[in-house]
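Colleague: I would like to learn how to read a few features of a model. Please start with the surface and then go inside.

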Amino acid sequence: KKTQSQKHFLGLAGEASQTVFQGITIAESGAIESEINVENSNLITGLGGRCFSKPENYSNAEFVTMSQASETDTISLEKISYLQSRGIPEERARELVVSGFRNQVIDIINSDSIRKEVTEMYID
């Protein structure tokens, strides 16, 4: 059966905190010609923040396309400085950078009600 699965996980690690992503994707024998994509993006926003990622893919089927990607980055001082040079205070600039990171997943949610619910989770 030809199927498609795409997953994107985000991790945010603030000061002295950590995230852990361990994802195992298995394509069983009936998943012939299926496509599976798993992405994990992490952003460290504070001193002592750490992110650990261990994505794994296994296939027991023929002609399955599987991909995985994992990246970890620190909050960009260059982006913060740019926003500050435009008159945005440092704390607000940091909030904008983190919000942009989150929105890379929120923006691909097709359902309006689910997108709204996820967005509301991040309102302070």
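Modeller: Ile-24, Ile-26 and Tyr-58 make a nonpolar surface patch of about 300 Å². This is a predicted model, in which local features need pLDDT of at least 70, side-chain atom pairs count only at pLDDT 80 or more, and totals for chains, interfaces and linings use all residues. Residues are numbered from 1 along each chain as its sequence is written, and side-chain values use heavy atoms, with hydrogens and water left out.

Colleague: Where is Tyr-58 found?

Modeller: Strands are DSSP runs of E, at least two residues, numbered from the N terminus. Tyr-58 belongs to strand β4 (residues 50-59).

Colleague: Is Asn-37 buried or exposed?

Modeller: Buried means under 20% relative accessible area, exposed over 50%, partly exposed in between (1.4 Å probe, protein chains only). Asn-37 has 14% relative accessibility, so it counts as buried. Tyr-58, at 42%, is partly exposed.

Colleague: Which residues is Asn-37 in contact with, leaving aside neighbours within four places in sequence?

Modeller: Contact means heavy atoms within 4.5 Å. With those neighbours left aside, Asn-37 is in contact with Ser-5, Gln-6, Lys-7 and Ser-67. Asn-37 itself lies in strand β3 (residues 35-44).

Colleague: Why is β3 largely enclosed by the rest of the structure?

Modeller: Because eight of its 10 residues are buried.

Colleague: Which strands pair with β3?

Modeller: Two strands pair if DSSP finds at least two bridges between them. Strand β1 (residues 4-13) pairs with β3 in the parallel sense over 10 bridges, and Phe-9 stands opposite Asn-40 in β3. Strand β5 (residues 65-74) also pairs with β3 in the parallel sense, over 10 bridges; there Leu-43 stands opposite Asp-73 in β5.

Note on methods: Helix = DSSP H or I, 4+ residues; strand = E, 2+ residues; numbered from the N terminus. Patch = residues over 30% accessible without salt bridge, like charges linked within 9 Å, V, L, I, M, F, W, Y side chains within 5 Å. Areas by Shrake-Rupley, 256 points an atom, 1.4 Å probe, with all protein chains shown as cover. Salt bridge = Lys/Arg side-chain N within 4 Å of Asp/Glu carboxyl O.
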